[in-house]
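Dear colleague,

Please find below the structure that I am handing over to you. My findings follow directly after it.

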Amino acid sequence: FALSNPATVTTILDITDNNGLALAHDAVNDKIYFSGYTTATDIGGVWKVNMDGTAVTNVITDLWDPYGIALNVTGNKLYVADEADGSDVGHIYRTDLSGANSSAVVTKDGAQFRAIALDLTNNKMYYYEVYDENLWVANLDGTNPEIVVAGAYGYGILVDAANSKIYFDDQNSGTDGELKSASLTGTNVTTVDATASRIYGIVKFGDKLYWSARDNGEIYQSNLNGTGRVTIKTG
């Protein structure tokens, strides 16, 4: 739907059988990538599709239970956070955009990885691990991992490198979660909005912030500091 006319919605793809979880937009090649698993086989993967819903392609086929995905289009890389597998080991995988040359850049026993976001300005990636409930930062190759916000867990992360900030869903804050911001190093944690819901997507567009509230079935818009919030979509 157009931001100027959110009442008019067009379905571009029915992903019921793929149980889709996360989206990423390749603006260079006009593709949408989404993670999920096929309900018929319970095997996780990542798919890509044209912006009009045509040419659906399964680019990764052997994940356990994938959640967040992130793209480095200029570097030809796709990142996907995968739940702990049958051996109770969680991974963040990095592949080419085609799905080739897969490698686990982060491996952690018992890890339940959720969101992932890239800071291509500083060559960092941020990711949520919700079993120990920490928000991590590491280099793009997974080296030098460190906890950037301890005691937080959630489902969405946004990096705003231009303003040296991260935005993240913190389910340990407030009654049923809040949208928060912090510096890139995790200092100056601030509540942006008391969104009592799991937040699966956070996007900055111009000088506005957009985020989805899964439990509320709504999408919100606000200024970057959280003021002026409006509900642009319900249901």
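N19 is located in the segment before strand 1 (22-26); strands here are DSSP runs of E with at least two residues, numbered from the N terminus. Although N19 is not a glycine, its phi is positive, at about 45 degrees. N19 is partly exposed because its relative accessibility is 30%, where buried means under 20% relative accessible area, exposed over 50%, and partly exposed in between (1.4 Å probe, protein chains only).

This is a predicted model, in which local features need pLDDT of at least 70 and side-chain atom pairs count only at pLDDT 80 or more, while totals for chains, interfaces and linings use all residues. Residues are numbered from 1 along each chain as its sequence is written, and side-chain values use heavy atoms, with hydrogens and water left out.

A positive phi also occurs at N144, a residue other than glycine, with a value near 55 degrees. N144 belongs to the loop between strand 11 (134-139) and strand 12 (146-150) and is exposed, its relative accessible area being 56%.

Turning to the sheet, four strands form an open arrangement in the order 17-18-19-20 with antiparallel pairing; two strands pair if DSSP finds at least two bridges between them. Strand 17 (202-205) and strand 20 (230-234) are the edge strands, each pairing on one side only. Strand 19 (residues 218-223) is joined to strand 20 by four bridges in the antiparallel sense, and I219 stands opposite K233 in strand 20.

Yours sincerely
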